[in-house]
Structure formats: structure tokens, C-alpha cells
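Please read the following points alongside the sequence and the model. They move from single positions to the chain as a whole.

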Amino acid sequence: MSTTAALQDQIPHNHCWGCGPLNPDGLQIKSYLEGAETVCTFMPYAQHMAGPVHVVNGGIIATVIDCHSICTAIAHAYAAEGRAIGSAPEIWCATASLSVEYLRPTPIAAPMVLHARVTGSEGRRTTVACTVFSGETEVARAEVLAVRVRE
């Protein structure tokens, strides 16, 4: 299932700081379905630097991973029900856990490319694996446990 619209743009009432198109002060990340995974390309801003000015702050990296992975889980939940993303009743997921392994410093001058895929789903819980690349180099990997929020 693939689409040309970003997942975040299909989720109604999305004011999230990391991924909400309705939050003009947020990161405005965009995730796209590509086969069995989702892909997000995010260009860090100068304000996202860590102590050293040439690398991205770990909290920014974690936020982008979290938002990309939660949107992946939401898209998966809609697909499991055979519904269009954003159709009523709305599906929301929240982060139950986020485990990030930082492998290398992430350069601030290059885009971060994230690849996420659902690795498990049972009941309200969906596990998403996410990898982050800068160029050809894997700089971080994570596992996110998303829990579907009851209506």
C-alpha cells in the first residue's frame, strides 16, 4: 500500500510538535509508505545541534524516530482494519516505550533518512523497528512500542 500524501497529513487533528502539520512551530516531519516500510527524510536545522555544533542533538533524533514510528503504527492499524488513514473513527497511538541506540554522531549538515517497519502487533500494541541513516552510514536504530489509545 503506497500513497503520495505524507502519513502526518492524513491524520486529522494532528498538533504534535514533531510531526503535526497543524503545529507551525514543530519539526513538521513527513513519513511516506514505501512497500512494507515507511520512509522519512528530515533535514536538521542549525538549532538542533548538540554541544558540538556539527552534530544533531540526541533528543531531536529521538523525537524524529518517535514520531515517524508512531505514524507507522497508526498507518498499520488503519491498514489492518482495511480503512483509509484518517477515516472515522480516528486511530491514535501513544508511545509506551522508546529504546534508541546511538551508533555514531549524526552530522547536522546532512539529511537524516529513517526507515521503519512493524515487527509485531498484538491487540492494542504494535512494535516498530526504525533505523536512521546519514548518507550511507547508519547512525541510530530504535525500537518503539506503540499502544493504541482507546476512543
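1. N14 is buried, with a relative accessible area of 2%, where buried means under 20% relative accessible area, exposed over 50% and partly exposed in between, computed with a 1.4 Å probe on protein chains only. The residue lies in the loop between α1 (7-10) and β1; helices (H or I, at least four residues) and strands (E, at least two) are DSSP runs, numbered from the N terminus. Residues up to four places away in sequence aside, N14 touches Q8, C19, G20, P21, L22, N23 and W92, a contact being heavy atoms within 4.5 Å.

2. Before going further, please note that this is a predicted model, in which local features need pLDDT of at least 70 and side-chain atom pairs count only at pLDDT 80 or more, whereas totals for chains, interfaces and linings use all residues. Residues are numbered from 1 along each chain as its sequence is written, and side-chain values use heavy atoms, with hydrogens and water left out.

3. S99, in strand β3 (residues 93-102), is partly exposed, with a relative accessible area of 47%. Its contacts, leaving aside neighbours within four places in sequence, are with R141, A142 and E143. Between S99 and N14 there are 85 residues of sequence separation and 24 Å in space, C-alpha to C-alpha.

4. L33 belongs to strand β1 (residues 31-34) and is buried, its relative accessible area being 13%. The C-alpha atoms of L33 and L7 are separated by 7.7 Å, although these residues are 26 residues apart along the chain.

5. Which residues have the most contacts inside the largest nonpolar core? That core has 36 residues, and those with the most contacts inside it are I29, F42, V64, I65, M112 and L114; a nonpolar core is here a set of buried Ala, Val, Leu, Ile, Met, Phe, Trp, Tyr and Cys residues joined through side-chain atoms within 4.5 Å. The elements that give two or more residues to this core are β2 (37-42), α2 (58-80), β4 (112-122), β5 (125-134) and β6 (137-148), and the largest share, twelve residues, comes from α2. In soluble globular proteins, nonpolar side chains tend to be buried together.

6. L114, in strand β4, is buried with a relative accessible area of 0%, and, neighbours within four places in sequence aside, is in contact with T38, V39, C40, V64, I65, H68, C130, T131 and V132. The C-alpha atoms of L114 and S134, 20 residues apart along the chain, are separated by 9.1 Å. F42, with residues up to four places away in sequence not counted, touches L27, I29, H48, I60, V64, P111 and M112.

7. As for the overall fold, the chain has two helices and six strands, which follow the pattern α-β-β-α-β-β-β-β along the sequence. Its radius of gyration, taken over C-alpha atoms, is 15 Å, which agrees with the value near 15 Å for a compact globule of 151 residues, the globule rule being 2.2 Å times the number of residues to the power 0.38. Along its principal axes the C-alpha trace spans about 45 × 30 × 25 Å. Buried residues make up 41% of the 151 residues, and residues 24 or more positions apart account for 59% of the contacts with a separation of 6 or more.
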